[in-house]
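These are my notebook entries on a structure that I have been asked to look through. I record each item in the order in which I looked it up.

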Amino acid sequence: MAISVDVRNLSKNYGEVEALKDLTFSVSKGELFGFIGPDGAGKTTLFRILTTLLLADSGTASVEDLDVVKAYKQIRRIIGYMPGRFSLYQDLSVEENLRFFATIFGTTIEENYDLVKEIYSQIEPFKTRKAGKLSGGMKQKLALSCALIHKPVVLFLDEPTTGVDAVSRQEFWEMLQRLKSQGITIIVSTPYMDEATLCDRVALIQNGRIMQISRPAEVVSTFPLGLFSVSSADVYRLLHDLQKLPKEHSVFAFGQVVHLSYREDELTRDDVIDFLKEKGHEEVTVEEIKPNIEDCFMELMQKE
Amino acid sequence: MNRFWGFVVKEFLHIFRDYRTLLILFGMPAVQLILFGYVVTNEIKDARIAILDQSKDETTRKITEKITSSGYFRLDRNLHTYSEIEEAFKEGDIKLVIVFESNFTRKLERERQAHVQLIGDASDPNTANILVNYATGILNNYLRTRNAEAIPLQILPETRMMYNKELKGVFMFVPGLMAMLLMLISALMTSISITKEKELGTMELLLASPLRPMQIVVGKVFPYVFLAFINACIIILLGNIVFGVPVRGSVTLLLFENFLFISMALSLGVLISCLTNSQQLAMMISLVALMLPTILLSGFIFPVENMPKVLQWLCHIMPPMYFITIIKSIMLKGNGLFYIWKETLILVGFTLFFILLSVKKFKIRLA
């Protein structure tokens, strides 16, 4: 499959801090590629290098066979970029913002209306409202419309769903799927693990390093350990006590339950139940579960 | 619509949306001009005086009459004893007390000299000085007319104040005010509007678009050329209509020089915004580093020639000084380009220097 974005041995430092360490990956044309990682993992730095806004210290990167350093002018014509922070003109109306971004890319709203129709039609009733007065979900739809209005070949979305309600998040991902079906390459970053399953491939990124790149299903299927979901009447003490289990394992809180990963040859369900009863826990339940992306991520982080 | 004009339209929208700033921008010239024209003035009119006349004869009455009818002084009260003098100063707005000695006319005729004491309120030294000078002048004048034939030799200075016959302060303030306001609007507003994009993160989007840096900078500057130009015209018109400040030279030349100075200030504003990342810093630099020198080191309020040498050198690297010289020359003296080509060339030089430096410093990337 043809390559859209190609990155080789990319590194970037901010003084002493290593933001990106020797990154290598490539994204195929028409792929929906996700970067999953916590704040400060280096996602924004990577996006800025790919959108020609920052220079890397070493390594190369290209977008649609154009070098991000030498051919930055050409790249800026063909990409759509939605920065992590809401960056539209708050004192301009919805329509004025969209019109402005259409104009600076040398096009008009009318010309590419089909492309943004599905998204823009949702905020069109408010088109005379100032962008600063929109709700979080509407701001994000406007920002996406502005990034799309010039029919980009590659779309970079830096944490587009941060600070957006659950319903809007879901709608947003449905829109991305539709854009993908139109052949646009989409590179998206998010701190939300559950969104990873919606990508074609995900890269787990932590401390400026890519820990794993694979399809979401693969990430889960390659999880090397067993996993219990444990709950009891006193969740706080539960987490505390489980850490004292004598066998090799790791635990982390997952909402109202605790996920406990373990080596299948070392620990059994009964061991855990007995151990907790001994510690005086009540209403103990221990269930064998399938790992999700977040479990895998936690496990990878432990290894680091 | 092409890219550049799309950008300019957006800039105008920003400006018109922020109507408070707009109001200040256009209200400021009027308010400042009226403030400077009426309030900040060292002309003397109707200063209150008190007279302690111990003779009350024909001569002192005539002198008193001359003094009070001069227009500079207004007789507030007559005093009767020395002890009342200090009280009069303390109590009221008396700026000057004139004391005639007793038997004034007789002494003048017999001894050929008589004494007048002028007591000024030197808590405001400039005014006291001017008042004493005016009063002395009136006394001398009286003496000359009285003894027209008796004194054999006389030197009669006839002063004529060229270009500003009535020594109106506002003639000086209009050019200075123009320099100040144009500097403020051009440099301050552009530097703020560019750094604002950086702060809000929209610069990131502009940079990641096909807009060229030159288009961004010129597009930012463009609306302010208009605003500043309109302001310059308002000041010239107001000065002319309200205060009678003339435009004796060519209006075209005057507008051209204004345009040149505006360009200079705008490129300076762009330079400031290239070097800073926050609106606050841009504002501080524009206000402190530009406004104060424009007011203090340009000949606006204090004459450059009276400054210590070091400050004079400083004045010479400040563009406003040249602009004020040019404007005074055109408006008051009616000079043509022939007399001010040197200053004009210096302003052109400043403009090119700032533009070149800005282009060099403009970042095509975020860092």
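**Entry 1: The two domains of chain A**

I looked up the centres of domain 1 of chain A and domain 2 of chain A, taken over C-alpha atoms, and 36 Å separate them. The domain assignment of chain A gives domain 1 as 3-220 and domain 2 as 224-303; such bounds come from an automatic or database domain assignment. I note that this is a predicted model, in which local features need pLDDT of at least 70 and side-chain atom pairs count only at pLDDT 80 or more, whereas totals for chains, interfaces and linings use all residues. Residues are numbered from 1 along each chain as its sequence is written, chains are lettered from A and ligands numbered from 1 in the order in which they are written, and side-chain values use heavy atoms, with hydrogens and water left out.

I took contact to mean heavy atoms within 4.5 Å. On that basis, 15 residues from domain 1 of chain A and eight residues from domain 2 of chain A take part. The two domains of chain A bury about 920 Å² between them, 86% of it on carbon and sulfur atoms. Buried area is the accessible area (1.4 Å probe) that two parts lose on being put together, summed over both. Met193(A), Met211(A) and Val220(A) supply 55% of the area that domain 1 of chain A buries against domain 2 of chain A, more than any other three residues.

I then searched this interface for salt bridges (a side-chain nitrogen of Lys or Arg within 4 Å of a carboxyl oxygen of Asp or Glu). The rule finds zero salt bridges between domain 1 of chain A and domain 2 of chain A. By class, the side of domain 1 of chain A that touches domain 2 of chain A has 11 nonpolar, four polar and no charged residues. Here Ala, Val, Leu, Ile, Met, Phe, Trp, Tyr, Cys and Pro count as nonpolar, Asp, Glu, Lys and Arg as charged, and the others, Gly among them, as polar.

**Entry 2: Chain B against chain A**

Which numbers describe the contact of chain B with chain A? I found 27 residues of chain B in contact with 30 residues of chain A. Chain B and chain A bury about 2700 Å² between them, 60% of it on carbon and sulfur atoms. Arg17(B), Leu205(B) and Arg365(B) supply 25% of the area that chain B buries against chain A, more than any other three residues.

The rule finds two salt bridges across the interface of chain B and chain A. One salt bridge joins Arg48(A) to Glu204(B), with the closest N and O atoms 3.0 Å apart. The residues of the side of chain B that touches chain A divide into 13 nonpolar, six polar and eight charged.

**Entry 3: Salt bridges in the whole structure**

I looked up the pair Arg169(A) and Asp194(A), whose side chains meet in a salt bridge at 3.1 Å, N to O. Arg169(A) lies in helix H6 (residues 166-181) of chain A and Asp194(A) in the loop between strand S8 (185-190) and S9 of chain A, so this pair ties together parts that are 25 residues apart in sequence. Helices (H or I, at least four residues) and strands (E, at least two) are DSSP runs, numbered from the N terminus.
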